[in-house]
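Please read the following note beside the sequence and the three-dimensional view. Its points are numbered so that each can be checked in turn.

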Number of protein chains: 4
Amino acid sequence: MVGDRGELGIGMVGYAFMGRAHSQAWRTVGRFFDLPFTPRMAAICGRDQALVAAAADRLGWAAWETDWKRLVERDDVDLVDVCTPGSSHAEISIAALETGKHVLCEKPLANTVDEARAMAAAADRAAANGLRAMVGFNFRRVPAVALAHQLIAAGRLGTIRHVRGAYLGSHMLDPESPLVWRLDAAQAGSGALGDLGAHAIDLAQHLAGDRIAGVSALTETFVRERPLADGSGARGQVTVDDAALFIARFAGGALGSFEATRFAAGHTEGLRVEVNGELGSIVWELGALNQLRLFDATEEPATQGFRTIQVTRADHPYAGAWWPDGHTIGYEHTFTHEVRDLLQAIADGRDPAPSFAEGLQVQEVLDAVQRSAASGAGWTQVGG
Amino acid sequence: MVGDRGELGIGMVGYAFMGRAHSQAWRTVGRFFDLPFTPRMAAICGRDQALVAAAADRLGWAAWETDWKRLVERDDVDLVDVCTPGSSHAEISIAALETGKHVLCEKPLANTVDEARAMAAAADRAAANGLRAMVGFNFRRVPAVALAHQLIAAGRLGTIRHVRGAYLGSHMLDPESPLVWRLDAAQAGSGALGDLGAHAIDLAQHLAGDRIAGVSALTETFVRERPLADGSGARGQVTVDDAALFIARFAGGALGSFEATRFAAGHTEGLRVEVNGELGSIVWELGALNQLRLFDATEEPATQGFRTIQVTRADHPYAGAWWPDGHTIGYEHTFTHEVRDLLQAIADGRDPAPSFAEGLQVQEVLDAVQRSAASGAGWTQVGG
Amino acid sequence: MVGDRGELGIGMVGYAFMGRAHSQAWRTVGRFFDLPFTPRMAAICGRDQALVAAAADRLGWAAWETDWKRLVERDDVDLVDVCTPGSSHAEISIAALETGKHVLCEKPLANTVDEARAMAAAADRAAANGLRAMVGFNFRRVPAVALAHQLIAAGRLGTIRHVRGAYLGSHMLDPESPLVWRLDAAQAGSGALGDLGAHAIDLAQHLAGDRIAGVSALTETFVRERPLADGSGARGQVTVDDAALFIARFAGGALGSFEATRFAAGHTEGLRVEVNGELGSIVWELGALNQLRLFDATEEPATQGFRTIQVTRADHPYAGAWWPDGHTIGYEHTFTHEVRDLLQAIADGRDPAPSFAEGLQVQEVLDAVQRSAASGAGWTQVGG
Amino acid sequence: MVGDRGELGIGMVGYAFMGRAHSQAWRTVGRFFDLPFTPRMAAICGRDQALVAAAADRLGWAAWETDWKRLVERDDVDLVDVCTPGSSHAEISIAALETGKHVLCEKPLANTVDEARAMAAAADRAAANGLRAMVGFNFRRVPAVALAHQLIAAGRLGTIRHVRGAYLGSHMLDPESPLVWRLDAAQAGSGALGDLGAHAIDLAQHLAGDRIAGVSALTETFVRERPLADGSGARGQVTVDDAALFIARFAGGALGSFEATRFAAGHTEGLRVEVNGELGSIVWELGALNQLRLFDATEEPATQGFRTIQVTRADHPYAGAWWPDGHTIGYEHTFTHEVRDLLQAIADGRDPAPSFAEGLQVQEVLDAVQRSAASGAGWTQVGG
């Protein structure tokens, strides 16, 4: 249905932070990348009519809906982009796939392993019909991360010994900060763990080329009651974790150390991944998004040292599409790269990465972390 | 003419690096900022018909022209955006102003002081007709730079003692890198000086709130002959500087040190400005675009130190329009901020900053540097 | 016995790395600090007569012994400085205390909790006789660490939420690196855990002003067999951990994350401690020994940021004894500060810090880590 | 006279900052380095009897004198270490050389070119008698600097294009800071220029392996009157520069940029040298004394980047004498290395580096800077 018109109609559910970021990606991707299809921003969906209409206008969507079921069924929508809280990911994504649409779903894939499993199964069934499903771990698309992946996959670090992943924030440091949906387990599934930690877990596994096999974990909710977001002055319970940390073993024998928190004063979007191998190490930090740090233990010993690579050259992943060497890109570009890769996977008739199956596996790690924490930090198998 | 339709038609001349960056700005600005007018990307101009047609399609311009004079005269163009080499800045900008169009002109304003002076005069005349002219020193619009400007203007550094500006690159390190137009004095006016140094000079003066009064300068062309860009194997003369450095006195008594080079191995887009005052210091570097370093000498001595501010908060300049705290922007966003401020100045009926008069003053500094270097590094008054 | 002559005779056991570092401390301390006693480098002890005689000459000790029991009994020795592998710490320290000598014992205090408990008991008994015993966690004496301790103790960080401690090295990355005594559990007790991790644990607890209550831990020996150090070509078993990592809860509710490894390529002496509180954070790293990073969340939001304090001012701890502001000290100075504080504690008739009781508590944490790891990373109470 | 007893008697003039630092070097060098002679700290000299007697005791000198002429003539003094203000360097050094003593003289060599020329001539004459004279540019002896020198001398950077030297301090930022001797031209010769800039000039020339041929310079005294150091409340004139900056050409064609100031808020001992060549770059900063940054433009382009080398390995210059890899040294160790190299040069019967001739050449650069600044920043030949 796509081939005829060379366009792919996009329908997006949600218009908050992620909706705005994805809109910028759909709007921009064709201006910088050669694409197999031209994405057409067909329709956006939100429950509040006035707000969604304003969002459509501001963000550049041709139409709007207030019911996601109608959006999914629109003829001019070929791909559904799910930017809602985790609690509705499964329902929307599965419906879209079953209606014959490709799906891009924000991370974490779902709020529970059961939901994620149903989603992965739906993606498998839909693949038989040429439909593609991708989960939005956007940081894989940072040029520096993609370069790190290339280097590690080429064996530059040798056997992996240590993997460290952290996502430190300070969003909730103020005890009077209100009870937003991200603090409600029913909507968000978990707190820092799924919101922040899921990124660190996905990146760590992606870069190491390995999977976490088991964990021992602690979670904590430091501030258990907060003012309601309605401004009423009433207070409600925080039902998710403020912080989660765990140690892990990877299937291949590497050790892992992970931490996600909204209570690390001084850190804002402090995502960091480090991999140590027998032949070298890499470090990447979101705060220096355009850089990769690399240590090569095979070089002449007297001049070895961590080097800082500016990953902005035309021969670096994604970077050639943008600006000349040395000119940086920012956070939003990760989504542009994401939708570019999804469009290419659709054209190529292959599963995009990360697939829903990969999203399920991350969900199993999140689940193991929660089970370990609930058990008092006992050792817990992933998927067990 | 604008008010009626609430739109402002943009016409752009040039579609290379700057043309692509400005296109992204015009395309994006209305999605993130509340604007007095909606910019309409009316037409783009370039001399090669096939290339300009392709550029119009890729970059999202509604029409194209191959003669800038026709572009300037189009009824659907209210503002002309000049993204050509410096040699044509004056002619295009003056014609546009005289035809009744607003102008945004890339930096440096011109290739000579005489041209710049004519442009500033044309801008003055046009202002009487409600037309606005701005020169594109885009780095003033980095949120961190804008914050630095606020802090210094508020007196946080006290009397300024030292100003350092540098723009270190390595573009021309390879002696077999071809003889592009930026190495031709007839087109580019100067080399590292105008291309890179002009940014450092503008930023330094803007932040210090003062003007360079005199300089002693050295310039050098390390590689004097390079292969022609036509691939013929023939070689031609480099007629601009590879590097320029100078010391300066500001009108208010501060000392300045400046350097621009295309021969600093390891540096790519190494723009850096530092201001030291009696009460503190600030440092900003393009490589860490989202950060500002601040030292406050009035704080408790035992815990004084340079702090690194992540300039991504909603209460920081420009930053609130983009993403939540901690999510970075990149190089291209400086142009988005630039056109936003120009549109606002047009609506407000006031001169934008930097105006053509400010562009002329920078040109006078560049001219003093060239005169000093030609004289063998003797002391040279700016504007003298 | 000391008061009469104003001198304090020092006897040291061991002359390897720690012996050399302590010798420099005893030799130097009186040149920079005002002391209650003048330390006299009376005698040094080692088992190999030729080597210990050479060491005495090189390091500046007046005499030497080959039997530590004779050293402990010498009349001209008032204080015994124990710089041997952990397996002999208890025997030598207890004998010295019982013979009427003060003791400085290298860390970790012992190889087992039982030994450490006996040492702490001996120290208690000796204290009744005016004898003092200190364990050598030297990094507490880094000026930046001492400043951090002052700031945290003064409440500058508020309630502590997170504590991170890591000591990353790459000492054993090469699988052909020989089987030195530090890889033998009988001599060293543990591997990276006691050698490196003990420092991180002590610093973290010292700075947080709190104790680790329980842990879940992983340890690993990546390379299990190495060439014997005798050059015979034969190989032997590595009987200690190459890496240890654990998550922890502090008694006061903070979460902890710890890691020690000899397999982190690119890291050499990568000791790092971070403390996040509700009002701010501090970070200290051994690689930037003279600096402390501080974030103060109570400052004006728009200019908050981690600041880097150069802890070299005369009003900073220890720093005034050395050089003018800005001139750095190095690793060895931590020992000079350590012996200075020990001499002062002896003169003041009070327990030095860290006391043997504190050393015992760290030993209990190390023991809990080993028990948890042995149990398969299950939750384990410290001291349980 | 030395050979017989295997010792070399040291006599030092001055016991302030430099006297304390040199004392630590003489006291320590034999404990860590194998030396051809054992330095004996024979006598120290100062004008105030009570103060010099206390200094001798504190710093570990066997005797003291109040007249430097008596010190120079002592039979037990073989080497005179001149740690006085620059105004007495020439008289003491020449007298010592003529009396048959080796000389170590603090930098800058003298207060004028004439004095420096007389000193270099005296050193030449004394060399015929086997006497050695060295000027104390101690930062050449930082391991990282020595490594940089090795790399550049081996051609790793290719042809040198740019050299940057800066020494930024904030010592005099407070206008009520008293009028110490360093602010008196009669004693100090110059201000920031000779005190700080001389180090940057020496390092830059030493690393580049080239000499500054000409300069254009600015100097400034921001605060011209300060309270007398006697506490009387009276004020006196500052007769030296607070800041000096200059641009330079090296004999071999490289461009140089230099700055020394006591008015850069936030900087303490901010000595920094950078060298850019056609094949790479190096950067060294005193604030990270144990590190060297290296960029190698001949490596695989996609993974090029500035690397940070921890210069603490046994195979790095000087470092093997101290502690295992990763353990840092500090400021004072530069003097220990300096006296070690001087002792070795004496034993080898060759001129130490930097010799008085090298000190004279730096003085000629300082003089050219002062002449250029006096002329209004005109171009000035070094030695012209």
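1. Apart from its neighbours within four places in sequence, A:Q304 is in contact (heavy atoms within 4.5 Å) with A:F295, A:D296, A:A297, A:T298 and A:E299, and also with D:R307, D:T308 and D:I309. A:Q304 sits in the loop that joins β15 (291–296) to β16 (306–310) of chain A. Strands here are DSSP runs of E with at least two residues, helices are runs of H or I with at least four residues, and both are numbered from the N terminus.

2. The model is predicted: local features need pLDDT of at least 70, side-chain atom pairs count only at pLDDT 80 or more, and totals for chains, interfaces and linings use all residues. Residues are numbered from 1 along each chain as its sequence is written, chains are lettered from A and ligands numbered from 1 in the order in which they are written, and side-chain values use heavy atoms, with hydrogens and water left out.

3. Is A:Q304 buried or exposed? Its relative accessibility is 15%, so A:Q304 counts as buried. The scale, computed with a 1.4 Å probe on protein chains only, calls a residue buried under 20% relative accessible area, exposed over 50%, and partly exposed in between. A polar atom of the side chain of A:Q304 lies 3.0 Å from the backbone oxygen of A:A297. A polar atom of that side chain also lies 2.8 Å from the backbone oxygen of A:E299.

4. In chain B, B:Q304 is placed in the loop between β15 (291–296) and β16 (306–310). B:Q304 counts as buried because its relative accessibility is 14%. Beyond its neighbours within four places in sequence, the contacts of B:Q304 include B:F295 and B:E299, together with C:R307, C:T308 and C:I309.

5. How are chains A and B related? A rotation of 180 degrees, with 0.0 Å of shift along its axis, superposes chain A on chain B with an RMSD of 0.0 Å. The two copies are therefore related as by a two-fold rotation axis. The superposition is by least squares on the C-alpha atoms of residues with pLDDT of at least 70 in both copies. The residue of chain A that comes closest to the rotation axis is A:G330, with its C-alpha at 2.2 Å.

6. The interface of chains A and B brings 34 residues of chain A into contact with 34 residues of chain B. Because 100% of the interface residues of chain A are also interface residues in chain B, the copies meet through the same surface. About 3,000 Å² is buried between chain A and chain B, and carbon and sulfur atoms give 50% of this. Buried area is the accessible area (1.4 Å probe) that two parts lose on being put together, summed over both. A:R31, A:R58 and A:W323 supply 24% of the area that chain A buries against chain B, more than any other three residues.

7. Between chain A and chain B there are two salt bridges, a term for a side-chain nitrogen of Lys or Arg within 4 Å of a carboxyl oxygen of Asp or Glu. B:R58 forms a salt bridge with A:D34, and their closest N and O atoms are 2.3 Å apart. On the side of chain A that touches chain B, α1 (17–32) and α2 (49–59) each supply at least two residues. The most come from α1(A), which gives nine residues.

8. Four salt bridges are found across the interface of chain C and chain A. C:R164 forms a salt bridge with A:E259, with the closest N and O atoms 2.7 Å apart.

9. Helix α6 (residues 143–153) of chain C is largely enclosed by the rest of the structure, because eight of its 11 residues are buried. Among them are C:P143, C:V145, C:L147 and C:I152. Just after α6(C), C:G155 takes a positive phi of about 90 degrees.

Methods
Polar contact = N/O pair within 3.5 Å; in protein donor to acceptor, adjacent residues only side chain to side chain.
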